[in-house]
Amino acid sequence: MQKSFLIVLAVAIIGALAIFQIAPDLNGAIAFFTGAIIASVIFSLQSKTPASKTNSNEPYSGPTMTLYVGNLPYRVHEGEVKALFGEFGPVNSVRLVRDRKTGRRKGFGFIEMSEVGAKKAMAKLNEFDFQERTLKVREAKSQDSDKSDNA
């Protein structure tokens with residue numbers, strides 16, 4: 001059962017008892033039905049309040065860091081990686097690298113996330129066992145720094 005349904009049900013029962021105390025000549029079913037309607041209205045008004053920033057689907061707009069994640073399982077999906085790193089802070093994007101010819105994943109990727117969360121994730125997830133593989137998590141090097149190293 002969903003948590004919201006249980007909350008509405010509990011409030012409906014409490015509301016039914018309160019209404020039944022106010023008007024004892026009312027049938028119990030009518031009191032429960034009235035309590036359910038009142039609870040539904042209250043719950044729907046509560047759910048229309050603005051959601052917190054952590055539950056928002058909007059990308060994080062503060063300072064970000066891109067992480068390199070190596071030794072990923074080949075069958076892992078972006079959603080699983082996002083959920084793993086999302087425990088440490090807001091994740092803007094997950095890019096798992098694929099082979100151009102075969103389309104198969106290469107076992108590494110890049111995660112863009114909040115700077116604070118990225119530092120926590122690096123500390124906690126480097127050498128972390130994930131789906132029977134030991135992850136390697138590092139700050140990603142920019143392509144510009146690679147070009148200057150080769151020059």
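Contact here means heavy atoms within 4.5 Å. Helices (H or I, at least four residues) and strands (E, at least two) are DSSP runs, numbered from the N terminus.

The model is predicted: local features need pLDDT of at least 70, side-chain atom pairs count only at pLDDT 80 or more, and totals for chains, interfaces and linings use all residues. Residues are numbered from 1 along each chain as its sequence is written, and side-chain values use heavy atoms, with hydrogens and water left out.

**Exercise 1. The chain as a whole**

State how many helices and strands the chain has, and in what pattern they follow one another.

Solution. 
- Step 1. There are five helices and six strands.
- Step 2. Along the sequence they give the pattern α-α-β-α-β-β-α-β-β-β-α.
- Step 3. Of the 151 residues in the chain, 25% are buried. Buried means under 20% relative accessible area, exposed over 50%, and partly exposed in between (1.4 Å probe, protein chains only).
- Step 4. Among contacts with a separation of 6 or more, 62% are between residues 24 or more positions apart.

**Exercise 2. The largest nonpolar core**

Name the residues that touch the most other members of the largest nonpolar core.

Solution. 
- Step 1. A nonpolar core is a set of buried Ala, Val, Leu, Ile, Met, Phe, Trp, Tyr and Cys residues joined through side-chain atoms within 4.5 Å.
- Step 2. The largest core has 20 residues, and those touching the most other members are L67, L72, V81, F85, I111 and M113.
- Step 3. At least two residues of this core come from each of strand 1 (64–70), helix 3 (78–86), strand 2 (91–98), strand 3 (105–114) and helix 4.
- Step 4. Take I111 as a case. Apart from neighbours within four places in sequence, I111 contacts M65, T66, L67, V69, V81, F85, V91, S93 and V94.

**Exercise 3. Salt bridges**

Work out how many salt bridges there are and which residues form them.

Solution. 
- Step 1. A salt bridge is a side-chain nitrogen of Lys or Arg within 4 Å of a carboxyl oxygen of Asp or Glu. By this rule there are three.
- Step 2. In one of them E78 pairs with R105, and the closest N and O atoms are 3.7 Å apart. E78 belongs to helix 3 and R105 to strand 3, so the pair ties together parts that are 27 residues apart in sequence. E78 is partly exposed at 31% relative accessible area, while R105 is buried at 16%.
- Step 3. E115 pairs with K119, with closest N and O atoms 3.6 Å apart. Both lie in helix 4, four residues apart, about one turn of the helix. E115 is partly exposed at 28%, and K119 is partly exposed at 47%.
- Step 4. K136 and E127 meet through their side chains at 2.7 Å, N to O. K136 is partly exposed at 31%, as is E127 at 45%.

**Exercise 4. The loop residue Y60**

Locate Y60 and list what it touches.

Solution. 
- Step 1. Y60 sits in the loop between helix 2 (28–47) and strand 1.
- Step 2. Y60 is partly exposed, with a relative accessible area of 26%.
- Step 3. Not counting residues up to four places away in sequence, Y60 touches P90, N92 and S114.
- Step 4. From Y60 to G89 the separation is 29 residues in sequence and 9.4 Å in space, C-alpha to C-alpha.
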